[in-house]
Amino acid sequence: MLFLDYIWLIPLLPALGAAIQFFWGRKLSNQAVSLVSVGLPGISFLWALGCFFQLLRLDGTAFTKVMYTWLPAGAFRLTDGTLGNLTADVGFQLDALSAVMMLVVTGIGFLIHIYSIGYMGHEGGYYRFFGYMNLFMFSMLVLVLADNYLMMFVGWEGVGLCSYLLIGFYFHRKSASDAGKKAFIVNRIGDAGFLLGVMLMVVTFGSVNFLQVSEAARSGRFAVGDGVITAICILLFIGATGKSAQIPLYTWLPDAMEGPTPVSALIHAATMVTAGVYMVARSNALFVLSPAAMGLVAGIGAATAIWAASIGLVQNDIKRVLAYSTVSQLGYMFLACGVGAFGAGIFHLMTHAFFKALLFLGSGSVIHALSGEQDMRKMGALWSKIPTTAKTMLVATLAISGAPLLSGFFSKDEILWQSFASPYGSKLLWVVGVVTAGLTAFYMFRLFFMTFAGKSRVPHEVEHHVHESPRSMTIPLVCLAVGAVAAGWIGWPKALGGSNHFEHFLEPIFENPALRESAHHAWSLEFGLMAFSVLVAAAGFYLAYRWYVQRPEAPERVAAAAGPAYQILLNKYYVDELYDALFVNRAKDVGNLAAAFDMAVVDGGVNGVGWSTRMTAEISRLWDLWVIDGLVNVLAFTVKVLSYPVRVIQTGLVQTYALLIVLGVLIFMGYYLIHF
Amino acid sequence: MIPTHYYLLLGTALFTVGVVGVLTRRNVIVILMSIELMLNAVNINLVAFSHWFKEIDGQAFAIFVITDAAAEAAIGLGLIIALFRNKETVNADEIDLLKW
């Protein structure tokens with residue numbers, strides 16, 4: 001088992017790349033940087049493939065490897081009184097779920113690294129970009145390959161950090177650094193929930209290891225609907241909403257488009273934002289014990305899906321549309337997990353990684369061709385000018401809209417079917433899902449037509465420079481397009497005659513008897529729903545075609561007619577403004593209060609001490625002047641006054657002295673005469 | 001015989017005049033003269049008692065006093081001349097260098 005024994009190489013090679021960039025990157029040429037920071041993830045991907053094939057030979061069991069014990073916490077009491085002994089290890093667990101994630105991260109990550117060579121080639125800070133990207137790969141791989149919640153949290157925080165670093169890559173721009181801060185802070189709020197969930201898990205289970213917790217949850221110790229389990233699940237889900245941009249913590253993702261496009265593709269489409277879905281899927285044993293938590297997950301997933309899709313309908317920045325699309329598609333994945341179809345959620349995660357990364361990289365190619373223009377109102381008629389980009393983007397747009405037989409069709413329809421038919425699902429959830437699918441098809445083809453079709457609205461100076469991207473950028477686009485088409489075929493559902501290899505592969509992870517029952521139901525119903533959703537998507541496509549190719553003046557008329565509704569959507573339901581008023585400005589108020597306190601009380605105290613010292617010195621001076629010197633002067637004055645009579649006697653005249661002699665004699669004589 | 005107390009009263013009167021002269025006169029030569037007068041008054045006193053007691057001691061003492069007065073007058077005048085050379089005045093009121 002060569003590859004599996006050295007599984008730790010998979011995260012370590014990108015880490016090595018990051019270290020090399022951080023220490024010597026400045027001195028390396030761009031070519032050397034590319035060789036190191038794209039080559040090492042490439043080797044990681046090959047190693048991951050090797051590990052995957054060796055895992056298949058293990059036939060269903062998980063591969064675990066503990067490197068060393070990180071936190072030997074020792075004995076303590078659990079909530080039910082038993083003695084727990086927590087050890088959190090640095091260890092790896094490779095099973096079907098983490099293998100899927102690992103391949104997605106390394107494979108798509110590698111392609112995006114290759115793309116970045118072309119995209120970032122003329123930018124400053126080339127080595128810094130690749131250093132951060134490699135650090136991100138390392139953190140994400142730690143996250144997906146961890147064997148316990150605490151190590152996963154290390155990776156979780158690491159990807160949050162790299163997200164901040166990469167969003168704020170152009171830190172000279174205030175909007176970029178603000179977006180980086182916003183991402184990190186909103187993420188952190190979710191992380192607080194995550195940590196609380198893990199802590200509750202520690203005192204309930206006495207362990208944070210995935211296998212041990214799942215085993216304890218499935219052992220029957222806990223009743224369905226147990227309060228503590230529900231609390232743990234809700235807290236963990238709060239972490240997922242932060243990381244995976246669901247309501248209410250999604251506001252950072254659209255702003256994160258300030259970062260370079262490869263960052264948006266890798267972090268905010270394919271990998272980091274999917275960490276929340278992965279975590280919920282990993283905790284499926286806990287979630288199925290709590291119908292309340294499942295309902296919350298499904299509800300928020302569905303609500304986010306339709307909310308974000310509605311905002312994406314009217315956005316004019318090409319990357320913003322894709323950002324809201326990502327939020328919406330993540331909503332689908334959580335909807336799937338919430339109705340118990342964890343496998344379908346992971347399936348959609350995988351297909352979405354292909355076509356969303358392709359969409360982002362393609363948009364990056366468009367932006368690159370238009371010398372930095374991102375506003376779709378200034379694009380148009382680019383199909384013939386950048387053909388490779390255009391064709392691959394078309395494939396991706398078809399895939400995300402659920403065009404039959406492409407990857408998105410299989411994964412999205414699986415989710416819609418499960419939300420309809422699963423014991424945890426409901427008709428309402430299905431309706432929301434279908435409406436969102438229609439909206440998705442509409443806004444994605446709106447994006448496509450505004451960019452590539454119709455009349456050119458590109459300004460003249462830019463039009464001269466329009467050129468197809470270099471091969472380093474187009475080759476990954478083609479590879480991803482192949483994936484966007486074919487990746488769904490491993491999940492070909494039974495209703496259409498396939499054997500759904502993907503679901504079977506993931507079955508050991510998601511064992512849940514309740515769900516297995518509902519799997520064997522009327523194929524005709526499933527086929528009917530499938531056809532209906534294709535129809536809805538086709539309607540969305542047709543409406544976009546009418547409004548953006550045949551009658552380009554129509555959107556403006558509709559927007560004017562809709563008036564306030566259009567404004568609300570364009571301004572993203574004013575959620576950012578609401579958060580600012582409720583939280584951000586209140587936090588700033590606390591800061592200002594603290595600053596005022598610091599200035600008035602602390603600095604005032606210091607200044608006061610200085611003032612009082614000067615005052616004391618002044619009093620001392622006055623005392624010295626008036627009292628001390630005064631006493632001396634009074635003394636001298638007294639002496640002068642008292643000595644005056646004595647002084648006056650010194651007339652200097654001999655006759656005066658003679659008079660005194662005579663007077664003295666007379667006094668003596670008088671005394672003797674009287675007494676004798 | 002003249003009663004002895006007449007001589008004593010004369011002596012006292014002369015002495016008193018001399019004292020007053022020393023104390024009040026401005027001219028230093030006149031002060032010297034007043035001092036001589038006091039000495040002579042003392043001489044009269046001495047001789048008067050010598051006559052009364054029929055002793056010669058009083059008269060002998062008076063001779064000494066005269067001699068003494070002569071020497072003192074010589075020195076006194078010398079002092080006045082030295083004083084005059086320095087202060088250009090024989091007015092006792094103006095010799096007050098030791099005034100405060």
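This is a predicted model: local features need pLDDT of at least 70, side-chain atom pairs count only at pLDDT 80 or more; totals for chains, interfaces and linings use all residues.

Me: Which residues of helix 12 of chain A are buried?

Reply: A residue is buried if 20 or more other C-beta atoms lie within 10 Å of its own, exposed if 12 or fewer, and partly exposed in between, with C-beta atoms placed from the backbone. Here they are A:Ala275, A:Gly276, A:Val277, A:Tyr278, A:Met279, A:Val280, A:Ala281 and A:Arg282. That's 8 of 8 residues in helix 12 (residues 275-282). Helices (H or I, at least four residues) and strands (E, at least two) are DSSP runs, numbered from the N terminus.

Me: How many helices and strands does chain B have?

Reply: Chain B has 3 helices and 0 strands. Its radius of gyration (over C-alpha atoms) is 17 Å, well over the 13 Å that the globule rule (2.2 Å times the number of residues to the power 0.38) gives for 100 residues, so chain B is more spread out than a compact globule. The C-alpha trace spans about 50 × 25 × 20 Å along its principal axes, and 12% of the 100 residues count as buried.

Me: How many residues does each chain bring to the contact?

Reply: Two residues are in contact if their C-beta atoms, placed from the backbone, lie within 7 Å. Chain A brings 10 residues and chain B 10. On chain A's side, helix 28 (residues 654-675) gives the most, with 5 residues.

Note on methods:
Residues are numbered from 1 along each chain as its sequence is written. Chains are lettered from A and ligands numbered from 1 in the order in which they are written.
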